[in-house]
Amino acid sequence: MSKECQHCYNENEIQAVSCINCGAIFNDIITKTLPNLELTDKFSGKSLKILGERIQKEEKSSMILGREGDIEPDFFREYRLISRKQCKIIFDDDHYKIEHIPTATNPTKIEYKTIGAGIKQIIRDGDILTLADKEFKISISIEETSVDHDVAAISDCQQEPASSDKTLFIITCDVCGRKYSVSSINDKIAECEDCDDYDKYKISRISAKEIKKNAN
């Protein structure tokens with residue numbers, strides 16, 4: 001038994017909190033509480049857990065990381081090259097995302113790729129987040145006691161699509177990796193919702209690919 005992601009149709013292990021392919025948080029997790037994010041310094045092993053419950057309770061559109069941020073600023077104060085307000089953590093469209101703050105002196109990177117100002121970059125379990133010169137491994141998890149893995153509680157994204165006789169096609173943005181479901185191999189996407197400025201139009205050059213045929 002597995003979980004099928006409603007965003008990219010990737011199959012995941014039944015106990016997965018988020019999609020290993022696109023990073024989407026599964027609906028059965030969201031209805032209880034957002035999973036926790038943990039940042040672990042790759043050099044020192046020091047870690048910071050950001051409680052999803054706190055993000056949910058405060059109902060903020062974003063929470064700032066940095067030496068004077070919203071989340072444990074004392075944790076970042078020993079990292080002198082990290083700005084007072086370095087980046088934002090956002091939960092949007094079933095994804096955790098990172099947005100670089102333009103006033104930060106040094107860059108914010110995901111998987112060693114610099115995040116441009118104003119771009120909300122999806123983050124996944126296991127990604128490397130670089131703040132200035134410091135690398136942190138991202139973990140996305142939830143307390144076992146708060147997750148019900150009974151079949152009846154499995155997210156809608158595990159259920160078989162209603163139109164099970166149709167071939168599924170996706171278009172994958174080659175800038176941010178977001179996947180879009182389309183109905184035909186000839187369909188196109190005009191612009192990417194996760195990319196900004198010129199980059200968002202690059203997806204218009206990408207052709208759809210068949211990913212799966214469902215049995216009748």
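1. A contact here means heavy atoms within 4.5 Å. On that count, 46% of the contacts in the chain with a separation of 6 or more come from residues 24 or more positions apart.

2. Before you dig in: this is a predicted model, where local features need pLDDT of at least 70 and side-chain atom pairs count only at pLDDT 80 or more, while totals for chains, interfaces and linings use all residues. Residues are numbered from 1 along each chain as its sequence is written, and side-chain values use heavy atoms, with hydrogens and water left out.

3. The overall make-up: the chain has three helices and 15 strands (DSSP runs numbered from the N terminus, H or I of at least four residues for helices, E of at least two for strands). Of its 216 residues, 45% count as buried; buried is under 20% relative accessible area, exposed is over 50%, and partly exposed is in between, with a 1.4 Å probe and protein chains only. The accessible surface comes to about 11400 Å², with 46% of that belonging to carbon and sulfur atoms (Shrake-Rupley method, 1.4 Å probe; for residues, only the protein chains shown count as cover).

4. Now the rings. The structure holds six aromatic pairs. Rings of Phe, Tyr and Trp (its six-membered ring) pair if their centres lie within 6.5 Å, and planes under 30 degrees apart are stacked, over 60 edge-to-face and the rest tilted. Phe76 and Phe136 are an edge-to-face pair, because their planes stand at 70 degrees, with the ring centres 6.5 Å apart. Phe76 sits in helix 3 and Phe136 in strand 12 (residues 134-141), so this pair ties together parts 60 residues apart in sequence. Both Phe76 and Phe136 are buried.

5. Phe136 has another partner, Tyr79: the centres are 5.6 Å apart and the planes at 85 degrees, so this pair is edge-to-face. Again distant parts of the chain are linked, with Tyr79 in the loop between helix 3 and strand 6 and Phe136 in strand 12, 57 residues apart. Tyr79 counts as buried because its relative accessibility is 3%, and Phe136 has a relative accessible area of 0%. Put together, ring pairs link Phe75, Phe76, Tyr79 and Phe136 into a cluster.

6. Two backbone spots to look at. Most residues other than glycine have a negative phi. Glu72 has a positive phi near 40 degrees; Glu72 is in the loop between strand 5 (63-65) and helix 3 (73-76) and is partly exposed at 44% relative accessible area. Asp94 also has a positive phi, about 70 degrees, in the loop between strand 6 (87-92) and strand 7 (95-100). At 17% relative accessibility, Asp94 counts as buried.

7. On to pockets. A pocket is an open set of points on a 1 Å grid over the protein atoms alone, where a 1.4 Å probe fits, with protein on both sides within 12 Å along at least five of seven lines; lining residues have an atom within 4 Å of a point. Volume is the space filled by probe spheres set on the points, which are joined across faces, edges and corners. The largest pocket holds about 290 Å³. Its lining has 15 residues, and Ile110, Lys113, Gln121, Val175 and Cys176 are the closest to the centre. By class, the lining has six nonpolar, three polar and six charged residues (nonpolar: Ala, Val, Leu, Ile, Met, Phe, Trp, Tyr, Cys and Pro; charged: Asp, Glu, Lys and Arg; polar: the others, Gly among them).

8. The second largest pocket has a volume of about 180 Å³. Its lining includes Gln15, Cys19, Arg124, Asp125 and Ser141, and divides into five nonpolar, three polar and three charged residues.
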